[in-house]
Amino acid sequence: MTGKAAVLVIGHDRFSAFDLDFQTIEELIDALKARQAAQIDLHIDAATEGDYARIGKVIFSLKRYGFDIAAINGVVNQAQPLP
């Protein structure tokens, strides 16, 4: 995928990216694909910090569809890809 990093916010009852709100992960993934987001700058809303199932589902979905998570709450991902 090509394009700029997209800022994605996981909220308590919605997801936000590109100044738009999405109710489902599917809608979010479709928007990320349409905008050709290469990397994701993931932000977790304070109200969602303890909802590990919701956060995990988003991270799993992003990775499943080939998005690179560049940072989570400002912490840069420095993991090296597996050989």
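These legends describe close-up views of one predicted protein model.

Residues are numbered from 1 along each chain as its sequence is written, and side-chain values use heavy atoms, with hydrogens and water left out. Because the model is predicted, local features need pLDDT of at least 70 and side-chain atom pairs count only at pLDDT 80 or more, while totals for chains, interfaces and linings use all residues.

**View 1**
Helices (H or I, at least four residues) and strands (E, at least two) are DSSP runs, numbered from the N terminus. The order from the N terminus is β-β-β-α-β-α-β-β. Of the 83 residues, 33% count as buried. Buried means under 20% relative accessible area, exposed means over 50%, and partly exposed lies in between (1.4 Å probe, protein chains only). The protein exposes about 5,500 Å², and carbon and sulfur atoms supply 53% of that area. Areas come from the Shrake-Rupley method with a 1.4 Å probe; for residues, only the protein chains shown count as cover. Take the contacts in the protein with a separation of 6 or more: residues 24 or more positions apart account for 64% of them. Contact means heavy atoms within 4.5 Å.

**View 2. Helix H1 lines up its buried residues on one face.**
H1 spans residues 25-34. Its buried residues are Ile 25, Leu 28, Ile 29, Ala 31 and Leu 32. The arc is that of the directions from the helix axis to the C-beta atoms. An α-helix has 3.6 residues a turn, so residues three or four places apart point the same way. The buried residues of H1 pack against strands E1 (6-10), E2 (15-17), E3 (20-22) and E4, and against H2. On the face turned away from the buried side sit the exposed residues Glu 26 and Ala 34. Gln 36 follows H1 and has a positive phi, near 55°.

**View 3. The largest nonpolar core holds 20 residues.**
Such a core is a set of buried Ala, Val, Leu, Ile, Met, Phe, Trp, Tyr and Cys residues joined through side-chain atoms within 4.5 Å. Leu 8, Phe 15, Leu 32, Ile 40, Val 58 and Leu 62 have the most contacts inside this core. E1, E2, H1, E4 and H2 each supply at least two of its residues. H1 gives the largest share, five residues. Leaving aside neighbours within four places in sequence, Val 58 is in contact with Leu 8, Ile 10, Phe 15, Ile 25 and Leu 42.

**View 4. Thr 48 is a buried loop residue.**
The loop of Thr 48 runs between strand E4 (39-44) and helix H2 (52-64). Thr 48 has a relative accessible area of 1%. Its side chain reaches the backbone nitrogen of His 12 at 2.9 Å. The side chain of Thr 48 also reaches the backbone oxygen of Ile 10 at 3.5 Å. Not counting residues up to four places away in sequence, Thr 48 touches Ile 10, Gly 11, His 12, Arg 54 and Ile 55.

**View 5. Ser 61 is buried in helix H2.**
The relative accessible area of Ser 61 is 11%. Its side chain reaches the backbone oxygen of Lys 57 at 2.9 Å. Not counting residues up to four places away in sequence, Ser 61 touches Ile 25 and Ile 29.

Notes: A polar contact is a pair of N or O atoms within 3.5 Å; within protein, one must be able to donate a hydrogen and the other to accept it, and residues adjacent in sequence count only if both atoms are side-chain atoms.
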